[in-house]
Amino acid sequence: HQTAGFNIVATASRQGLRFITVVLGAPTGQVRFSEAARILNRGFNHYRKILAIKGGTQLEERIQVIEGERGTLRPVASRDAMILIRRGEEKKIKLEPRLVSSVRAPVPKDEKVGVIRILVDGTVRSEIPAIVAEEIPRASFLWRLWERLFSFFKQLLSYLWEWVKGFWSTGNTRLIGFPTFLAWCDSQSIKSLYLKNQAWNPLC
């Protein structure tokens, strides 16, 4: 022991937080024990384990559900997320969900739709999955047909509104016929509306 000194590997647990310390080359056995105790106490005094988000917590963000019985869903945390922080950093904890923009029904329960990043003072400390809390069945045929028709005409009216604004902005008060409007629509690739999301095939 005169060459290596006095060594110890010690561990302690307090309030669900465990630390392990290694002391090498202490001059005496007493110093070895006191140094291990000092390091462990410093860990417990300066750090704490905190629950950043509880499993099942619903997020504020919504995800669009295509052809579902519900139009949107709010994901939940898949499990508890515990992180180690310095005491006093509690207010620096931030949750940053990164989710998909939409899902297509049917959506099974517990399907992963993104992640929840846990940051402390801007640094990522942990990441857990964001999942679907309950199954969302596919909507009926009639409802899917209605949604697709509604979406189509909504986009069509949007094109019409843009055309009207463009027409009046030119200062030309002469009425332009409907064929001219159709030609303008064609120039704006409005034909793509018929093909987008297979709009005219509600059975798909």
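The following exercises, each with a worked solution, concern a predicted model.

**Exercise 1.** Determine in which order the four strands of the open sheet are arranged, and which strands are its edge strands.

*Solution.* Begin with the order, which reads E6-E11-E10-E8, the pairing being antiparallel. Next, look for strands that pair on one side only: these are strand E6 (76-77) and strand E8 (93-99), which are therefore the edge strands. Then turn to E10 (residues 112-120) and E11 (residues 123-131), which run antiparallel and are joined by eight bridges.

**Exercise 2.** Classify the geometry of the aromatic pair formed by Phe19 and Phe44, and locate the two residues in the chain.

*Solution.* The structure holds one aromatic pair. Its ring centres, those of Phe19 and Phe44, lie 5.2 Å apart, with 75 degrees between the planes. Because planes over 60 degrees apart count as edge-to-face, the pair of Phe19 and Phe44 is edge-to-face. As for location, Phe19 belongs to strand E2 and Phe44 to helix H1 (residues 29-46), so that the pair links distant parts of the chain, 25 residues apart. Both Phe19 and Phe44 are buried.

**Exercise 3.** Identify the residues that make the nonpolar surface patch of about 440 Å², and decide whether Val22 is buried, partly exposed or exposed.

*Solution.* The patch is made by Val9, Ile20, Val22 and Leu24, and strand E2 (residues 17-26) contributes its largest share, three residues. Val22 lies in strand E2. Its relative accessible area is 48%, so Val22 is partly exposed, given that buried means under 20% and exposed over 50%.

Note on methods
Residues are numbered from 1 along each chain as its sequence is written. This is a predicted model: local features need pLDDT of at least 70, side-chain atom pairs count only at pLDDT 80 or more; totals for chains, interfaces and linings use all residues. Side-chain values use heavy atoms; hydrogens and water are left out. Two strands pair if DSSP finds at least two bridges between them. Patches are made of residues with over 30% relative accessible area and no salt bridge: like charges are joined within 9 Å, nonpolar side chains (Val, Leu, Ile, Met, Phe, Trp, Tyr) within 5 Å. Accessible areas come from the Shrake-Rupley method with a 1.4 Å probe; for residues, only the protein chains shown count as cover. A salt bridge is a side-chain nitrogen of Lys or Arg within 4 Å of a carboxyl oxygen of Asp or Glu. Buried means under 20% relative accessible area, exposed over 50%, partly exposed in between (1.4 Å probe, protein chains only). Rings of Phe, Tyr and Trp (its six-membered ring) pair if their centres lie within 6.5 Å; planes under 30 degrees apart count as stacked, over 60 as edge-to-face and the rest as tilted.
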